[in-house]
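This report goes through helix packing, chain contact, domains and confidence. The structure is shown below.

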Amino acid sequence: MSTFFLLLILFFGFLITFQIAKASEYVGVLKGEKKNFEQNNKVNGFLMMAFLVLGLIGVYWCNELYRGKILGESASKHGEQIDTMLYITIAITGVVFVATQILLFWFAYKYQYSEKRKAHYFPHDNRLEVIWTVVPAIALTVLVGFGLFYWFRITGEAPQDANVVEVTGKQFGWIFRYPGKDKTFGKKYYQNISDKDNNSLGLIWDDANAHDDVVVNNEMYIEVNKPVKLVINSRDVIHDVGLAYFRQKMDAVPGTPTTMWFVPKFTTEEMKKREGNPDFEYEISCDQMCGRGHFSMRGIVKVVSHDEYVLWLAKQKPNYAAVFPEAAPAAPAAPTADSAKAAIVTPAPAATASVTK
Amino acid sequence: MSNEATLHGHPEVGAAHDAHHDDHGGHHHKETFITKYVFSQDHKMIAKQFLITGMIWAIIGGLMSVLFRLQLGYPDAHFQFLEDLLGSKWAKGGQIQPEFYYALVTMHGTILVFFVLTGGLSGTFANFLIPLQIGARDMASPMLNMLSYWFFLTASIVMMTSLFIETGPASGGWTSYPPLSALGDASEGSKTGMDLWIISMALFVVSSLLGGLNYISTVLNMRTKGMSMTRLPLTIWALFFTAILGVLSFPVLLSGFILLLFDRHGGTSFYLSDIFLATTGKALPNEGGSAILYQHLFWFLGHPEVYIIILPAMGLVSEVMSVNARKPIFGYIAMVGSMFAIAILAFLVWAHHMFVTGLNPFLGSVFVLLTLLIAVPSAIKVFNWLTTLWRGNIKFTPAMLFAIGFVSTFISGGLTGIFLGNSTLDIQLHDTYFVIAHFHIVMGVSGILGMFAGIYHWFPKMYGRYMNNTMAYIHFWITLIGAYLIFWPMHYEGLAGMPRRYLDYSNWISFNQFGGLNRFISTVAMIVFAIQLLFVFNFFYSIFKGRRVMTRNPYDSTTLEWTAPIRPGHGNWPGEIPEVHRWPYDYAKDGRDFIPQTEPLGSNESAH
């Protein structure tokens with residue numbers, strides 16, 4: 001019913017606007033075209049100025065309203081560099097924005113039609129044109145310089161001592177793999193993937209390195225103040241690991257692993273206090289359209305102290321042990337043991353899985 | 001080519017032209033309803049067909065945005081009328097379902113980018129203005145021109161059909177990245193809807209190529225006597241560069257789509273590798289493909305595409321601004337040069353859409369450099385527009401208001417491009433609302449404001465009547481203010497990392513602080529949409545009932561289209577095509593308000 005009323009109101013609104021518009025056209029004809037034009041021109045000239053003033057106030061007000069809601073201090077060291085870059089860019093573009101908008105609407109207001117004024121014939125001026133080619137070029141050189149300086153630091157090689165976690169996106173959730181005690185990821189092949197057989201990543205059980213790999217869903221633990229390198233994969237379509245508080249983002253592309261690394265600055269507990277929100281969690285958002293559940297593809301990053309991290313990792317049962325409880329304990333096997341084990345552990349659905357990538 | 005050759009020696013356009021040419025004294029050639037309004041080969045009628053088709057698309061695309069803004073503003077509300085209207089599959093319990101939401105955003109993007117701002121904008125103004133402003137009787141090939149429209153309409157019909165099939169239209173975003181768009185099992189919209197989307201886009205590419213080749217050959221070959229390239233109005237330069245961009249980049253897009261079609265139905269692995277689908281519980285056999293390859297092919301068009309949208313708007317705005325400031329456009333050669341620079345650079349920056357795809361960081365840095373380089377010609381254009389206003393004598397016609405609005409939004413959206421083109425910032429801002437804010441302001445709003453400027457300015461030439469000014473003023477101010485209210489605050493959502501293409505943020509700790517803002521934006525969006533209907537009404541009402549145009553040159557303009565009769569027939573000028581003696585921007589020269597291009601130089605007058 002309310003929809004109907006809304007439409008009715010809309011319709012009458014149109015009708016009234018139309019009648020006024022028609023009437024003012026007739027009045028215009030009666031008053032004479034010239035007079036009518038001059039009046040309209042004055043009104044619009046005034047509105048230009050009003051728009052400029054109210055617009056700039058609005059920009060300021062909007063900033064006051066929302067600047068407290070945009071994440072606060074970066075929770076990673078790379079994020080600090082991104083924030084610095086952001087402030088440099090805002091400073092330069094901010095000046096240009098205010099200056100050009102003022103000139104635009106002020107000129108429009110000031111040089112509105114007047115019978116007395118003659119427009120100034122001014123078709124070109126090489127000096128001016130050189131100025132506004134060179135000045136923007138210099139400003140942009142500065143921005144490119146800073147940008148690339150930070151870009152190469154952020155995308156450079158991760159430090160040798162970084163913890164490595166493998167992140168795999170799927171419709172619609174996240175899977176994390178830790179290399180275990182041997183610090184080496186076991187081989188995997190996507191044809192081995194089977195949710196039914198508890199092998200969500202398609203690990204190749206023939207590979208002894210895979211035996212101590214820990215696979216967890218949805219929650220990733222990482223250590224505070226220690227570089228962490230994420231090796232990012234996807235099982236189906238393109239996803240994206242978005243870490244807003246760390247200012248990080250990287251696509252998860254099926255068939256083409258990508259990487260990112262960063263150093264978290266605050267533990268989740270510290271962030272709860274900083275944000276004043278006892279429910280705070282670092283979230284992983286999927287930032288690349290991936291299907292119907294895209295908007296709810298949420299993961300959690302738990303940033304913890306070194307001790308807690310070690311403790312947590314020790315508690316996790318390797319994927320192998322969960323699949324083959326009888327084969328535990330999954331000690332790192334010597335290479336010679338491989339062929340012996342292969343006979344036992346070849347998973348049923350993929351008999352041809354001896355193909356390795 | 002000389003004007004004489006254009007007039008008399010054109011065997012390839014001969015049949016239609018010469019017949020008309022001879023007729024023009026009397027205007028007696030037979031035109032049935034079908035040949036005049038439907039299968040017309042008159043560039044002016046084809047322009048109107050593009051315009052009206054584009055407007056219908058704009059209403060549909062706009063309405064879609066109202067629907068998904070309803071969802072974003074009120075994610076928990078139940079709108080019963082939605083279920084009544086759309087059925088329980090798409091709007092169960094009055095709530096927009098995820099598949100439907102994604103179908104809406106995908107179609108909104110596709111429609112507005114391709115069918116409105118490419119087909120509707122270039123199709124209308126290239127067709128309408130090129131022959132009239134260069135002094136030609138019609139396009140180089142009126143037949144191809146007509147086909148261009150009919151391919152466009154066929155593409156439209158196919159796309160429209162896809163809205164009504166059971167599995168819904170394509171829903172993988174307007175970019176349709178595979179594997180999502182390649183696998184029906186990954187998404188409902190990637191079933192038949194995606195096939196129709198690809199077919200429709202292929203037809204659209206054909207339309208665009210037919211049109212583009214025609215525009216280029218017309219501009220190069222059919223200018224009237226005296227109309228050298230440097231005497232072309234900036235509208236023509238802009239449309240010329242646009243056509244070149246389209247001709248060079250659309251085929252690449254088509255090739256990308258064909259590979260996608262092979263992957264979907266031919267069992268090939270161009271884009272597919274290492275895929276396991278949980279919905280079927282099976283791993284696909286495809287190995288060795290690269291999903292990123294599609295993105296390269298797509299953005300090789302996709303980026304020039306944004307210039308295909310904005311260049312015509314720039315051209316229209318330059319012309320409207322000069323006429324209404326009663327002043328020559330400042331820096332004509334710099335304007336042409338900067339458009340040329342933009343057209344070249346447009347092809348060298350595509351990978352800035354792909355900084356976080358795992359692209360080699362060094363390659364990324366090259367694209368940063370080239371991308372930010374585009375800001376230089378853009379800055380030149382802005383400062384030239386500002387200087388055009390300086391010491392002018394400005395008439396605020398509705399077209400002029402929209403032109404000024406265009407410059408304002410182009411500045412605002414252009415500056416945020418400097419954020420996104422910088423790979424360091426793009427890590428944080430990629431695929432967030434900052435991107436939405438940026439491209440809607442610089443491409444969507446600016447493009448449409450430029451288009452409105454064009455429509456209001458040339459409406460009298462199109463239909464021989466004026467549109468209602470009061471309604472136009474209301475339309476302008478609410479549109480401009482509304483556009484800023486909608487898109488400005490979105491920058492803040494983006495800075496908070498709020499991702500695009502989510503239909504509900506309430507479960508996210510990081511992004512649920514903007515609920516009130518989303519409601520505000522949705523409300524404004526609906527008001528702005530309603531005001532566009534006022535424009536549509538004004539447009540159609542004025543075609544039949546608007547005030548009649550009584551003089552040939554109502555704006556005291558210098559360009560050739562205003563030397564043609566108020567309602568020109570097919571062939572545009574009765575008798576000889578006027579000869580051109582000067583550039584198109586002699587306003588306020590030597591104490592005269594304006595000097596038409598057709599007037600010979602005075603004995604002691606210096607050419608521009």
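## A helix pair between the chains

At what angle do the axes of helix α1 of chain A and helix α17 of chain B cross, and within what distance do they come? The model is predicted, and in it the crossing is at roughly 130°, with the two axes coming within 7 Å.

On the α1(A) side, the contact is formed by T17(A), I20(A), A21(A), S24(A) and E25(A). T470(B), M471(B) and I474(B) supply the α17(B) side. Sorted by class, the residues of this contact are four nonpolar, three polar and one charged.

## Contact between chains A and B

Over the contact of the two chains, chain B contributes 106 residues and chain A contributes 100 residues. The chain B side that touches chain A consists of 65 nonpolar, 30 polar and 11 charged residues.

## A helix pair within chain A

Helix α2 of chain A (residues 33-66) packs against helix α3 of chain A (residues 77-110). Their axes are 8 Å apart, and the angle is about 160°. Angles over 145 degrees count as roughly antiparallel, so α2(A) and α3(A) are roughly antiparallel to each other. The crossing of α2(A) past α3(A) is left-handed.

From α2(A), the residues in this contact are G45(A), M48(A), M49(A), F51(A) and L52(A). They meet Q101(A), I102(A), F105(A), W106(A), A108(A) and Y109(A) of α3(A). Nine of the residues in the contact of α2(A) with α3(A) are nonpolar and two are polar, with no charged residues.

## Domains of chain A

Chain A is assigned two stretches, 18-114 and 121-155, as domain 1, and residues 163-345 as domain 2. Taken over C-alpha atoms, the centres of domain 1 and domain 2 of chain A are separated by 46 Å.

Where these domains of chain A touch, eight residues of domain 1 are in contact with 11 residues of domain 2. The domain 1 side of that contact has three nonpolar, four polar and one charged residues.

## Confidence

The average pLDDT of chain A is 88, and 91% of the residues score at least 70. In residues 330-357 of chain A the pLDDT is below 50. This stretch of chain A has 43 contacts in the model beyond near neighbours in sequence. Where pLDDT is low, predicted coordinates should not be read in detail.

Technical notes. Residues are numbered from 1 along each chain as its sequence is written. Chains are lettered from A and ligands numbered from 1 in the order in which they are written. This is a predicted model: local features need pLDDT of at least 70, side-chain atom pairs count only at pLDDT 80 or more; totals for chains, interfaces and linings use all residues. Axes are lines fitted to C-alpha atoms, for helices over the stretch in contact, and angles run from 0 to 180 degrees between N-to-C directions. Helices (H or I, at least four residues) and strands (E, at least two) are DSSP runs, numbered from the N terminus. Angles under 35 degrees count as roughly parallel, over 145 as roughly antiparallel, 65 to 115 as roughly perpendicular and the rest as oblique. A crossing is left-handed if the near helix is turned anticlockwise from the far one by less than a right angle, and right-handed if clockwise. Two residues are in contact if their C-beta atoms, placed from the backbone, lie within 7 Å. Ala, Val, Leu, Ile, Met, Phe, Trp, Tyr, Cys and Pro count as nonpolar, Asp, Glu, Lys and Arg as charged, and the others, Gly among them, as polar. pLDDT is the predictor's confidence in each residue, from 0 to 100. Domain bounds come from an automatic or database domain assignment.
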